[in-house]
Amino acid sequence: MSQSPLASTSQTPPAAANLASDLKPPGEASTKVKPCCVCKDEKSARDECMLFSNSDDPQKDCEGMVDKYRSCMRGFGFTIQ
C-alpha cells in the first residue's frame, strides 16, 4: 500500500497565534479602531433612550444622548451625520 502525501511530510503547522499576524496590514491601518468597537456605552444609552422613550418625539427627547454619541465618535475620527 502507498502512503498518502500528507502522511509522509514531517512539517508542523505554524502556531495558531501567529496565523492572523500575517493578515494585518502594517503601519497605521493595523492600529485603527473600527466604529463598532468604540463608544459602546454611549451607543447603548442612545439606543435604549430611542427604543424605550415614552415621548411623542423620541429624537427630540434623546437629543442629548445622540450628541454624546456623535461627540465620542468624532473623538475617534469618525463622522456621523
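A disulfide is taken here as a pair of cysteine sulfur atoms within 2.5 Å. The structure is a predicted model, in which local features need pLDDT of at least 70 and side-chain atom pairs count only at pLDDT 80 or more, while totals for chains, interfaces and linings use all residues. Residues are numbered from 1 along each chain as its sequence is written, and side-chain values use heavy atoms, with hydrogens and water left out.

By the sulfur criterion, the count comes to two disulfides. With bonded cysteines counted along the chain, their pattern is 1-4, 2-3. Secondary-structure elements are DSSP runs numbered from the N terminus, with helices (H or I) of at least four residues and strands (E) of at least two.

The link between Cys 39 and Cys 72 has an S to S distance of 1.9 Å. This link is left-handed, with -95° about the S-S bond. For accessibility, buried means under 20% relative accessible area, exposed over 50%, and partly exposed in between (1.4 Å probe, protein chains only). Cys 39 is buried, at a relative accessible area of 6%, and Cys 72 is also buried, at 16%.

The other bridge joins Cys 49 to Cys 62, with an S to S distance of 2.0 Å. Its geometry is likewise left-handed, at -90° about the S-S bond. This pair links distant parts of the chain, 13 residues apart: Cys 49 is in helix α4, whereas Cys 62 is in the loop between α5 (58-61) and α6. Cys 62 is buried, with a relative accessible area of 0%.

Cys 36 and Cys 37 were examined by the same criterion. The closest cysteine sulfur to that of Cys 36 is in Cys 37, at 3.4 Å, which is too far for a bond. Cys 36 is exposed, with a relative accessible area of 53%, whereas Cys 37 counts as partly exposed at 47%.

A nonpolar core is defined as a set of buried Ala, Val, Leu, Ile, Met, Phe, Trp, Tyr and Cys residues joined through side-chain atoms within 4.5 Å. The largest such core has six residues, namely Val 38, Cys 39, Tyr 69, Cys 72, Met 73 and Phe 78. When residues up to four places away in sequence are not counted, Val 38 touches Val 33, Met 73, Phe 76 and Phe 78.

Terms used. Contact = heavy atoms within 4.5 Å.
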